[in-house]
Amino acid sequence: LSDFDNEIIDEDSMVMFPVVDVTETSVSVITTSNPPHVNGYFDENEMMLSLVPDDDWFGEAEIFIQAYNEAYPDTASTSLILSVLPVNDAPFIDSLLTPTMVDTFSTHPDSQNDILFSWNGGDVDDSVSFQLTIGLEFFGTIYTDIYDDITDTELTISADNLDPLLS
């Protein structure tokens, strides 16, 4: 097992190293990471070691690598520093959870019903604000109302707030 150079990679990527065994016998490879945010996977058929950081993790980790030749009582060790650079992930919205297309609500001024709008979404790197646009179709006319700067993944709106849209 030769010394590996320190490596720099982007967040959510991996690095691979060839492992050379001059005896051409079965080899096992064990890795440990400090801090423990990088996993090592050894492909015995391809003789390749892959180092894969945890999703959305960035920073520096010291990787300890130990190779053991199973045919001969021989062990080799080395270490390297893996630097994982941060990458700003895009914000996302997976789906609207409530209300669904089959939900109905009364919007007259005396209804006093609350309508919960909730969705899956966010940004793993930064805080995010959402905009909710409500569209109501009433006898062929579409009415819209926009709510800005929502910092949570849910918003409750009183049904009587939607009534002025239909006036």
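In the predicted model, the hairpin formed by β4 and β5 has four residues between its strands, and within this hairpin Met47 adopts a positive phi near 55°. Strand β4, which spans residues 38–43, runs antiparallel to β5 and is joined to it by six bridges. Strand β5 also pairs with β2, again in the antiparallel sense, over four bridges. Leu51 of β5 takes part in both pairings, as it is the bridge partner of Gly40 and the bridge partner of Val15.

A further element of the architecture is an open sheet of four strands, arranged in the order β1-β7-β6-β3 with mixed pairing. Its edges are formed by β1 (7–10) and β3 (27–34), each of which pairs on one side only, and the twist from one strand to the next averages 30°. Within this sheet, β6 (residues 59–69) and β7 run antiparallel and are joined by 11 bridges, with Glu62 standing opposite Ile81 of β7. In general, the strands of a sheet pair through backbone hydrogen bonds, in either a parallel or an antiparallel sense.

Because its relative accessible area is 13%, below the limit of 20%, Ser83 is classed as buried. The side chain of Ser83 makes a polar contact of 3.2 Å with the side chain of Glu60. When residues up to four places away in sequence are set aside, Ser83 touches Gly59 and Glu60, together with Glu7, Ile8 and Ile9.

The largest nonpolar core comprises 19 residues, and those with the most contacts inside it are Val29, Val38, Leu51, Ile63, Ile65, Leu80 and Leu82. At least two residues of this core are supplied by each of β2 (15–18), β3, β5 (48–53), β6 and β7, while the largest share, four residues, comes from β6. The surroundings of Ile63 illustrate the packing in this region: apart from neighbours within four places in sequence, Ile63 is in contact with Val38, Leu51, Leu80 and Leu82, as well as with Thr31, Thr32, Ser33, Thr78 and Ser79. A second, separate core consists of 11 residues, among them Trp119, Leu132, Ile157 and Ala159.

Two aromatic pairs are counted in the model. Phe4 and Phe17 form a tilted pair, with a centre-to-centre distance of 4.5 Å and an angle of 35° between the planes. This pair links distant parts of the chain, since Phe4 belongs to the segment before β1 and Phe17 to strand β2, 13 residues apart. Both partners are shielded by the criterion of accessibility: Phe4 counts as buried at 11% relative accessibility, and Phe17 is likewise buried, with a relative accessible area of 5%. The rings of Trp119 and Phe130 have centres 5.5 Å apart and planes at 70°, and the pair is therefore edge-to-face. Because Trp119 lies in strand β9 and Phe130 in strand β10 (residues 130–138), this pair ties together parts that are 11 residues apart in sequence. Trp119 and Phe130 are both buried.

Strand β9, which extends over residues 114–122, also contains Ser118. Ser118 counts as buried because its relative accessibility of 9% falls under 20%. A polar contact of 2.7 Å connects the side chains of Ser118 and Thr98. With residues up to four places away in sequence excluded, Ser118 touches Ser95, Leu96, Leu97 and Thr98, and also Thr153 and Glu154.

Phe117 is another residue of strand β9, and it is buried, with a relative accessible area of 9%. Leaving aside neighbours within four places in sequence, Phe117 is in contact with Thr98 and Pro99, with Leu132 and Ile134, and with Thr153, Glu154, Leu155 and Ile157. Phe117 and Ile9 are 108 residues apart along the chain, and a separation of 40 Å lies between their C-alpha atoms.

Key:
Residues numbered from 1 in each chain as written. Predicted model: local features only at pLDDT ≥ 70, side-chain atom pairs only at ≥ 80, totals over all residues. Heavy atoms only, no water. Buried < 20%, exposed > 50% of the residue type's maximum accessible area, 1.4 Å probe, protein only. Polar contact = N/O pair within 3.5 Å; in protein donor to acceptor, adjacent residues only side chain to side chain. Contact = heavy atoms within 4.5 Å. Pairing = 2+ DSSP bridges. Axes fitted to C-alpha atoms, helices over the stretch in contact; angles between N-to-C directions. Core = buried A, V, L, I, M, F, W, Y, C linked by side-chain atoms within 4.5 Å. Phe/Tyr/Trp six-rings, centres within 6.5 Å; stacked < 30°, edge-to-face > 60°.
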